[in-house]
Amino acid sequence: MSAVLSMLHELDRIIEQGAARLEVRTVREVSDGKHTFPIYSLCLGNPSRDAPAIGFFGGVHGLERIGTHVLLSFLSSLVERLRWDDELNHQLAEVRFVFMPLVNPAGMSRGTRANANGVDLMRNAPVESRERVAFLVGGQRLSPRLPWYRGPSRSPMEAESEALCEVVRAELLSRPFSVTLDCHSGFGMRDRIWFPHAHTRLPFAHLAEVHALMALFSQTCPDHPYLFEPQSRHYLAHGDLWDFLCARAAHLGRVFLPLTLEMGSWRWVRKSPRQVLSRLGIFNPLPPDRLRRVQRNHLPWLNFLCRAAQTYRDWLPAGEERAQHERTGLASWFGAS
Ligand SMILES: [Zn+2]
């Protein structure tokens, strides 16, 4: 069975198992030229617009299968725990969980980063950087045959991008507080947590909140492996979907913290150098034991985010405390003194 079909098969199994509690929607259907695939959203927990939410997204880039693997194993364990774990059920009375574990199934089926139209979804939003973006990597409109293609100018977003934005608007931006984690792989040796912006080096409006969240996690799990950074520290890009949604959240006056998990895949390549010969091997841990270890290693972070979203009123900084987080964030990430 192909990778995308086995993932959709696993997703169907989870949907069946969680049928009583999961709210499942086929947000769009997309084709790879041969088959049609659903883009699912799965929600559970408190549906009230007053409740905070946590959203998990994966498979935006079709080559980066590990993000979908991590989310499917997390979702599967949540659904299993629904039957007996009172603590989880109590948590779900206070918070909304949102999952889109496979945003780009056509790209995954074709074994490409882009979707079936050759469009890189993370360059596809109507966001223009006014600063100098990285050549090609920053997004280009020259050709869908080159990577990082943004799509034709003045055309609507791709179906996958629209599906993601629709779910974020309906399930996350409709609430006073939300966090998202978009799972990617392929960048560097370390696991990184990126926060906005991608289109400008200017600091994110919720830098203080991101810093407070990071500090809370570092106190809870002092040995965690992650490097927290603004994405703009590495490269600037046009068309980032999360930057686009941040602008929407600011307009609505919501606290929305979109984070990206970039799993450092070069480490996996170093441990199995032959992986470099395979395009998938550059983006994914190939041996099954290593795949399971990667899935397991991120669980504390995923569980922490669920808990932090639930209890945001207890740790979200205000007044002088918020100003202090902002100053520390500016000093450590933007070189401000
Ligand atoms: Zn990616």
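## Strand 5 and its partners

Gly 55 has Thr 180 of strand 5 as its bridge partner. The model is predicted, so local features need pLDDT of at least 70 and side-chain atom pairs count only at pLDDT 80 or more, while totals for chains, interfaces and linings use all residues. Residues are numbered from 1 along each chain as its sequence is written, and side-chain values use heavy atoms, with hydrogens and water left out.

Strand 3 (residues 53–58) pairs with strand 5 in the parallel sense over 6 bridges; pairing requires at least two bridges found by DSSP. Strand 5 also pairs in the parallel sense with strand 8 (residues 255–263), over 9 bridges, and there His 184 has Glu 262 as its bridge partner. Helices (H or I, at least four residues) and strands (E, at least two) are DSSP runs numbered from the N terminus.

Strand 5 (residues 177–185) has 9 of its 9 residues buried, where buried means under 20% relative accessible area, exposed over 50%, and partly exposed in between (1.4 Å probe, protein chains only). One side carries Phe 177, Val 179, Leu 181, Cys 183 and Ser 185, the other Ser 178, Thr 180, Asp 182 and His 184.

## Zinc site

The protein donors of the zinc ion are His 61 (ND1), Glu 64 (OE), Glu 64 (OE) and His 184 (ND1), at 2.0 to 2.5 Å. Donors are N, O and S atoms within 2.8 Å of the metal (3.2 Å for Na, K and Ca); water is not among the atoms, so sites may look incomplete. Their spacing along the chain is H-x2-E-x119-H. Glu 64 sits in the loop between strand 3 and helix 2 and His 184 in strand 5, so the pair ties together parts 120 residues apart in sequence. Glu 64 is buried at 3% relative accessibility, and His 184 is buried with a relative accessible area of 3%.

## Nonpolar core

The largest nonpolar core has 91 residues, and Phe 56, Phe 97, Trp 301 and Leu 305 have the most contacts inside it. Helix 2 (residues 65–81) supplies the largest share, 8 residues. Such a core is a set of buried Ala, Val, Leu, Ile, Met, Phe, Trp, Tyr and Cys residues joined through side-chain atoms within 4.5 Å.

Beyond its neighbours within four places in sequence, Phe 56 is in contact (heavy atoms within 4.5 Å) with residues including Leu 71, Phe 74, Leu 181 and Leu 305.
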